[in-house]
Amino acid sequence: MPTPAPLDLLLLPSWIVPVEPAGVVLRDYALGVRDGCIALLAPRSEALRQPAKETLELPGKVLIPGLINAHGHAAMTLFRGMADDLPLQTWLQDHIWPAEGRWVDEDFVRDGTTLAIAEQIRGGITCFSDMYFYPQVACEAIHRTGVRAQVCLPILDFPIPGARTADDMIRRGLELFDDMKLHERISVAFGPHAPYTVADAKLEQILVLAEQLQAPIQMHVHETAFEVEQALQQTGERPLSRLRRLGLLGPRFQAVHMTQVDDEDLENLVETNSHVIHSPESNLKLASGFCPVERLWQAGVNVAIGTDGAASNNDLDLLGETRTAALLAKAVAGSATALDAHRALRLATLNGARALGLERCLGSLEVGKAADLTAVDLSGLAQQPLYDPVSQLIYATGRDRVSDVWVGGVPLLRQSELVRLDEAELIANAQQWATRIQQGA
């Protein structure tokens, strides 16, 4: 029998949480990486008999799948804190859209996306979904920085930065699909903004293209009660029902927010196997409403989690977002057993991978999957005493305890230091953008 090739990397943490199978915590286990994939998951004593080019001890740390931020607007980090404490429509129409019209260009998207990527890596995020302008520029930043992403083409019925019309964005988007079709870390999706900003004819066109390309569709849906009430007044139809009538709902449809869910909505989601992406902190901050996560989960709907953009959150902290999701789910359901810690972690990992159509290679620590990994230090004062590492991770640990991050086995964060990005340079650049925007220059 031929001798197996040496592992590229052998990791020896105190705990491994594979996420699949559910509810499991492995103690005194090791994980081996070869050719960018998980090649070994075995007891420590057995794993140490395997030859490895690099062996890394991770005492006091828990190894989990890389976190997946299933919805956001990366470049909007440069608008962080600009128009706080306002309701959604006022925030959007009176502040964000005018600011985007004035400031968003290729440089803005390049710098804002890179800043967002650095923040996300430091917080243990290895894959994110981005819906913003100049998506080709975002792809360049993603490629350069080594993370994994789904890039959604922003489509609206009016001009946006980088596209004069929806057809212009679709044309550019199809070119991007072609450019990225073989990229190992970047996938492209359609991102019609919301039911109230995209007409039926355009949604039907998007559906045809999405089916031809087998591409996902991500869309803000039922973000507020006002959105639903307005649609009912104008058409007599709830937005989600309209999308089902048009044929958009299905296993590749990602409904972001869903703070308004009645029996009809639940039936539409369940029967079409559509995904819901929950952004609790943005919804709380904008007073948009509460997604009934436990009800959706019990009905069999796949629920993932996303931070939304830093302009409305105001951070890209998926660990913090997951803690908020777990606590809010309990309050909304009126049950302390709703969305326990293990299921909350699943929202931020495997459920996110499923929503993005990447569950075959991401979201859990299984042999054969990509070595997208996050190590979190649970040895700190605030994590003691430690009875259950998953409970401590969700309820008592912040992103500042993330120590190491790998994407495809390549380190992007090592001992809490960014490997490919210069943090001081990113901060200085962000401050320059703030000065320009404040001075209107």
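Modeller: First, a definition: two strands pair if DSSP finds at least two bridges between them. Strands are DSSP runs of E, at least two residues long, numbered from the N terminus. This is a predicted model, where local features need pLDDT of at least 70, side-chain atom pairs count only at pLDDT 80 or more, and totals for chains, interfaces and linings use all residues. Residues are numbered from 1 along each chain as its sequence is written, and side-chain values use heavy atoms, with hydrogens and water left out.

Colleague: In the hairpin of S15 and S16, which residue takes a positive phi?

Modeller: Strands S15 and S16 (residues 410-414) run antiparallel, joined by 3 bridges. Valine 407 has valine 410 in S16 as its bridge partner. The hairpin has 2 residues between the strands, and the one with a positive phi near 60° is glycine 408.

Colleague: Which residue in S15 stands opposite leucine 373?

Modeller: Strand S14 (residues 373-377) runs antiparallel to S15, with 4 bridges. Opposite leucine 373 stands tryptophan 406.

Colleague: How many residues of strand S15 are buried?

Modeller: Buried means under 20% relative accessible area, exposed over 50%, partly exposed in between (1.4 Å probe, protein chains only). Strand S15 covers residues 402-407 and is mostly covered. The buried count is 6 of its 6 residues.
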